[in-house]
Amino acid sequence: MAVEHPAAAPPGDQSRIHNIGYRSYDGPRLGRAYARRSLYSQSLRGAYGLGRSAKSKVLPMLLFVVMCVPAAIMVAVAVATKANDLPLDYTRYAIVMQAVISLYVASQAPQSVSRDLRFKTVPLYFSRPIETADYVRAKYAALASALFVLTAAPLLVLYVGALLAKLDFADQTEGFAQGLVSVALLSLLFAGIGLVVASVTPRRGFGIAAVIAVLTISYGAVSTLQAIADVQDSSGAVVWIGLFSPITLVDGVQSAFLGAASAFPGGTGPGTGEGVVYVLVALGLIAAAHGLLMRRYKKVGL
Amino acid sequence: MYDPTVARLTYRALLGRRRALILGALPLLLLVISVAVRALAGADDQTTADVLGGLALATMVPIIGVIAGTGAIGPEIDDGSVVYLLSKPVKRPTIIFTKLIVAIAVTMVFSAVPTLIAGLVLNGNGQQIAVAYTVAALVASIAYAAVFLLLGTVSRHAVVFGLVYALVWEALFGSLVPGARTLSVQQWSLAVAHKVSDGQLVTSDVGLPTATVLLAAVTVLATWYAGQRLRSLTLAGEE
């Protein structure tokens, strides 16, 4: 019921604006770069459950331990038996432990982006002085760094152990450096794929399943086809099929350029020419992941 | 014991929007691969058994089971909307049973049917391999759906634990520690498949009687305990 009120206050001197003491902010404004750095460090901490509940620390820490324990055992064996070489190459370690890495990406990529979508906090981020590119790069860099920590830590354990076991310094340092380059590429690749898949769904559960499906099924499909192509004696096909799953892509790059033994069936990795294609595809995938994420966050919300 | 409304809601939660695409992508990939393998290698019984056993039964069925089983109840508990369902005069075991039926149906449709088609494409059901692996996928669907539905009511990280079971326990430990194979849904379903197929291409480490008993026991126990869990469900706050 709209009742016509008479004009509350007659015009004149009686109307005035009260000063109730609001003050404008005159402290330092930290700006865009600071916001981007904060988002990066918070996402990186979040990827290991730091600053979150105890329950959400369990899984990433458990996976981290599972990654490092085999390295520690290998070092112990190498020291005890006075071996001349580590039982496993630096570059091979991540390939062998790929199930753990996949599980880590699958559990932490949705944690990083899906919750922002589900609780509709993305618009709040963009009400700060950050742009789409800042959000995407901060999240991408944070997950890639977290993965690098996960994959490089066991290599460090191996390296320190190898030096303690008095293995050849130059040889070990070269292997360690090659391993670091390889896991850096792997981290960027896996983080990109994980984030692209996870940013599509606000449901954490579906995100996890979708990421693991992309990583596992592509590897399963590629290794099945490779095994069959190897039986058919078409080793050329083995190499080209390897382009279609992330882990075989990394395997191909490192066996072409980083002196690694290939894990492909038949043991013949790509040569230099094919290796260039591998590198290009890997870099293209990373760029594509970044581009897709930028497109995904052009429009905020779902 | 079966509530059509709950079933309809669960179907919508599982297949609505883009989720059917995730579920549909895996079987599609299996079909593409089997066509490629047939073109590359021709019809070969051993290859067929490798593809169906390694890719379809060992990877695809568990992943679809995880998505369907935990997806039937997990998201609802996660976002708290399950209270609206629980406050209706429907028995909690009925809710679980209905969701189980839906999860089993979805898993079967998206895993057993493509397995059959892939088997037919690969070698035209020579030595009954296609049918054997389809039966295995059907049997495994029931057990996986029940186990992962239980996980969905027990833990907020049901998907991760489900995947750890399917990928780490069955694939990794199963290939390293022979004893772990006795406790694997995959091997139990292979035991049933072994009975169906004629040849020696489909083998299992578990005898048929043991496998049948274990399959039935796991399914029934998981469903019963999931019902109990739902009866005393406490809604967790946001972590």
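## Helix α8 of chain A against helix α2 of chain B

In α8(A), the residues F206(A), A210(A), A213(A), I217(A), A221(A), T224(A), L225(A), I228(A) and A229(A) meet R19(B), I22(B), L26(B), L29(B), I33(B), A36(B), V37(B), L40(B) and A41(B) of α2(B). Two residues are in contact if their C-beta atoms, placed from the backbone, lie within 7 Å. Helices are DSSP runs (H or I, at least four residues), as are strands (E, at least two), and both are numbered from the N terminus. By class, this helix pair has 16 nonpolar, one polar and one charged residues. Ala, Val, Leu, Ile, Met, Phe, Trp, Tyr, Cys and Pro count as nonpolar, Asp, Glu, Lys and Arg as charged, and the others, Gly among them, as polar.

The model is predicted: local features need pLDDT of at least 70 and side-chain atom pairs count only at pLDDT 80 or more, while totals for chains, interfaces and linings use all residues. Residues are numbered from 1 along each chain as its sequence is written, and chains are lettered from A and ligands numbered from 1 in the order in which they are written.

The axes of α8(A) (residues 204–231) and α2(B) come within 11 Å and cross at roughly 0°. Axes are lines fitted to C-alpha atoms, for helices over the stretch in contact, with angles running from 0 to 180 degrees between N-to-C directions. The two helices are therefore roughly parallel to each other; angles under 35 degrees count as roughly parallel, over 145 as roughly antiparallel, 65 to 115 as roughly perpendicular and the rest as oblique.

### The contact between the chains

The contact as a whole takes 31 residues from chain B and 25 residues from chain A. On the side of chain B that touches chain A, the elements giving two or more residues are α2 (19–41), α3 (45–71), α4 (74–79) and α8 (158–176) of chain B. The largest share of that side, eleven residues, comes from α3(B). Its residues divide into 21 nonpolar, seven polar and three charged.

A221(A) is placed in helix α8 of chain A. A221(A) is buried, with 22 other C-beta atoms within 10 Å. A residue is buried if 20 or more other C-beta atoms lie within 10 Å of its own, exposed if 12 or fewer, and partly exposed in between, with C-beta atoms placed from the backbone. Not counting residues up to four places away in sequence, A221(A) touches L29(B), I33(B) and L55(B). A221(A) and F244(A) are 23 residues apart in sequence, and their C-alpha atoms are 9.0 Å apart in space.

G207(A) also lies in helix α8 of chain A. G207(A) is buried, with 30 other C-beta atoms within 10 Å. Leaving out residues up to four places away in sequence, G207(A) touches A109(A), P110(A), S114(A), V197(A), A198(A) and T201(A). Between G207(A) and Y25(A), 182 residues apart along the chain, the C-alpha separation is 41 Å.

### Helices of chain B

The expected span of a helix is 1.5 Å times one less than its number of residues.

| Helix | Residues in helix | Expected span | End-to-end C-alpha distance |
|---|---|---|---|
| α2(B) | 23 residues | 33 Å | 34 Å |

α2(B) bends by about 25° at A25(B), and the proline P27(B) follows within four residues. The bend at a residue is the angle between axes fitted to the seven residues ending there and the seven starting there. The buried residues of α2(B) are R19(B), I22(B), L23(B), L26(B), P27(B), L30(B), I33(B), S34(B) and V37(B). Their cover includes α8 of chain A together with α1 (4–15), α3 and α6 of chain B. Just after α2(B), G42(B) takes a positive phi of about 75°.

α6(B) has a kink of about 30° centred on M108(B). Just after α6(B), G124(B) takes a positive phi of about 60°. α7(B) is mostly covered, with 24 of its 26 residues buried.

### Positive phi in loops of chain A

K120(A) has a positive phi of about 55° although it is not a glycine. K120(A) lies in the loop between α4 (98–118) and α5 (122–126) of chain A, and counts as exposed with 12 C-beta neighbours inside 10 Å. K166(A), another residue other than glycine, has a positive phi near 60°. K166(A) sits in the loop between α6 (132–164) and α7 (169–198) of chain A, and is exposed, with 9 other C-beta atoms within 10 Å.
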